[in-house]
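This report looks at a ligand site and a metal site. The model comes first, then the contacts.

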Amino acid sequence: MEKQDYLDLFYQMVLIRRMEEEAAQLYQQGKIGGFLHLYIGQEAVSTGLISARKPQDRVITAYRDHGVAVNTGIPARQVMAELLGKTSGISRGRGGSMHMADTEKNFWGGHAVVGAHLPIAAGLALGDKYRGADGVTICMFGDGATNIGFFHEAVNLSKVWELPVLWVCENNQYGMGTAVSRASAVPEIRQKAEGYGIPNRRIDGMNVLTVRETALDVIEEVRDGNGPYFLEIVTYRFRGHSMGDPERYRESEEIKKWQENDPIGVYHRHLTENNIVSAEELDEVERKVEVEIQDAIQFAENSSEPALDELFDNVYVKDEYVHFS
Ligand SMILES: Cc1ncc(C[n+]2csc(CCOP(=O)(O)OP(=O)(O)O)c2C)c(N)n1
Ligand SMILES: [Mg+2]
């Protein structure tokens, strides 16, 4: 990695963190409607993972998707505008927090129904295999999603058909207020991949370089035609499940313990202690992010809302487009 690559990973993680801290404020002010699931604490997962993909590799995830949107190259302005439901947002203000997507960047969303995007991922991968394309579909989902039928159907079929898909479980220890130990029959989520004969690994998700290096390896393994691979990435969300979660299911001591391993702090120490970049250079990145975030908020606030007469656009297929014969 060049120095600029190291700085870029830091930039992306700080951008996600600051963007979401501001989003939380905007939510409190009533400027964001619907749900808001923050990714704070998990930034190293999508940043490391997506830094390892090639442009032909597809990315698809659940509703905790703001970080993934940034990592796939969607500007902070368009993410922020989408959160505020504005036409300048990446989904033209129709999707909001849970439905960011940009297929030109090979980012296939943002999905709100737990587990429902896993069969879609299998379908994307089947499409690539069928056409002889060399893309890998990277499908991210939570630990909770692995207890749902969609997961088992999609993961099973991916092995039967040897699909080019990288399954990535972000094990943040909880599905809403339910701890993994109360919902999963096996303590390590990766064990579920064993049942389907899929090679797998469980790794530390608080270290962006661990995630990146592992992803570089396994994405190429999938690309080489070896069928699916399963990664369990162990991480933690520092905030509630969504805004307004009273968090009665965990102790503040537990949160504090994980915060000692804040992925941004861990990476900052790694970079400075190994003299890869200086603390001043990292301060400079943080200043740059601050300007970008303030600009994104202004842009979002000043953008217009979708017009009322467009309410049903893109909802129903118009008659003239339907040709059954
Ligand atoms: C099919 C379905 N069932 C229930 C819900 C409600 N729900 C939303 S998020 C969630 C927990 C999912 O946990 P996990 O997959 O671990 O993701 P995390 O929120 O931790 O990122 C549930 C049960 C839903 N959205 N869809
Ligand atoms: Mg979870």
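Which polar side-chain atom lies 2.9 Å from an oxygen atom of ligand 1? The atom belongs to Asn172.

## Basis

This is a predicted model, in which local features need pLDDT of at least 70, side-chain atom pairs count only at pLDDT 80 or more, and totals for chains, interfaces and linings use all residues. Residues are numbered from 1 along each chain as its sequence is written, chains are lettered from A and ligands numbered from 1 in the order written, and side-chain values use heavy atoms, without hydrogens and water.

## Ligand 1

Taken alone, ligand 1 exposes 580 Å² (Shrake-Rupley method, 1.4 Å probe). The protein buries 70% of that.

Around ligand 1 are 14 residues (a heavy atom within 4 Å). The closest are Tyr63, Arg64, Gly144, Asn172 and Tyr174. By class, seven are nonpolar, five polar and two charged; Gly counts as polar and Tyr as nonpolar.

## Magnesium site

Asp143 (OD), Asn172 (OD1) and Tyr174 (O) coordinate the magnesium ion, ligand 2, at 2.1 to 2.3 Å. Donors here are N, O and S atoms within 2.8 Å of the metal (3.2 Å for Na, K and Ca). Water is not among the atoms, so the site may look incomplete. The donor spacing in sequence is D-x28-N-x1-Y.

How values were computed:
Polar contact = N/O pair within 3.5 Å; in protein donor to acceptor, adjacent residues only side chain to side chain.
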